[in-house]
Structures are given as structure tokens and as C-alpha cells.
Amino acid sequence: MSQKQLPKEFYPLMEELQAVDFVLVELTLYLDTHPNDTAAIQQFNEMAYYRHQLVPQIEQYYGPLQQFGNSYSGFPWNWNQSPWPWQL
């Protein structure tokens, strides 16, 4: 079975997406212990917004991607509040 050849433009886009995802994960971990950090929440929301702009560009040309960081946070940081998805 041959592997699909991807154009060289694909790799910088994916590298950018990986960097954004890394920032979102790190901010999530930070905000779980610093829920009142307004600047960090703003940065999280900006990166989530940027991800929402970047993903469709990639998916338009290269197909669907698994997503996380799809939702914005309120103040204070509200991702660590129940109910958790498995509690519904």
C-alpha cells in the first residue's frame, strides 16, 4: 500500500497547529491551578480562536482533524467545574 503524498505546504500548517495545541494544553494545566488569572484566560481564548481559524484552512485541503480547544472559557476559569462529561 502506498502512502499518500502531501504537498510541502502541509507541514508548516501542521507544525503551527501542533504549537497552538501545545499552548492550549499548557494553559489548561496552568489555569486549573490559577483560575483567576485574567491574562492567561485571555491568552487561552485567543489561542482557541486562532485554532478555530487555522483548522478549517487545513481541513479544506487535507481532510478532517481531531479537535480540542473548541470552547472558550469564562471568568473565572471554568473547565475544572462539574458536571464532568461522564457525569451527565
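Arg51 sits in helix H2 (helices are DSSP runs of H or I, at least four residues, numbered from the N terminus). We're working with a predicted model, where local features need pLDDT of at least 70 and side-chain atom pairs need 80 or more, while totals for chains, interfaces and linings use all residues. Numbering starts from 1 along each chain as its sequence is written, and side-chain values use heavy atoms, leaving out hydrogens and water.

**Exercise 1.** Describe how H1 and H2 are arranged.

*Solution.* Take the axes, which are lines fitted to C-alpha atoms over the stretch in contact, with angles from 0 to 180 degrees between N-to-C directions. Those of H1 (residues 10–33) and H2 (residues 38–62) come within 9 Å and cross at roughly 150°. That makes the helices roughly antiparallel (over 145 degrees). The contact residues split into 20 nonpolar, 3 polar and 3 charged.

Now pick a residue in H1: Val20. Val20 is buried at 1% relative accessibility. Val20 and Leu54 are 34 residues apart in sequence, with 9.4 Å from C-alpha to C-alpha.

**Exercise 2.** Find the aromatic pair and classify it.

*Solution.* The whole structure gives 1 aromatic pair (ring centres within 6.5 Å). For Phe10 and Tyr11, the centres are 5.2 Å apart and the planes at 85°, so call it edge-to-face (over 60 degrees). Finally, check accessibility: Phe10 is buried at 14%, whereas Tyr11 is partly exposed at 48%.

Conventions:
Helix = DSSP H or I, 4+ residues; strand = E, 2+ residues; numbered from the N terminus. Parallel < 35°, antiparallel > 145°, perpendicular 65-115°, else oblique. Nonpolar A, V, L, I, M, F, W, Y, C, P; charged D, E, K, R; others polar. Phe/Tyr/Trp six-rings, centres within 6.5 Å; stacked < 30°, edge-to-face > 60°. Buried < 20%, exposed > 50% of the residue type's maximum accessible area, 1.4 Å probe, protein only.
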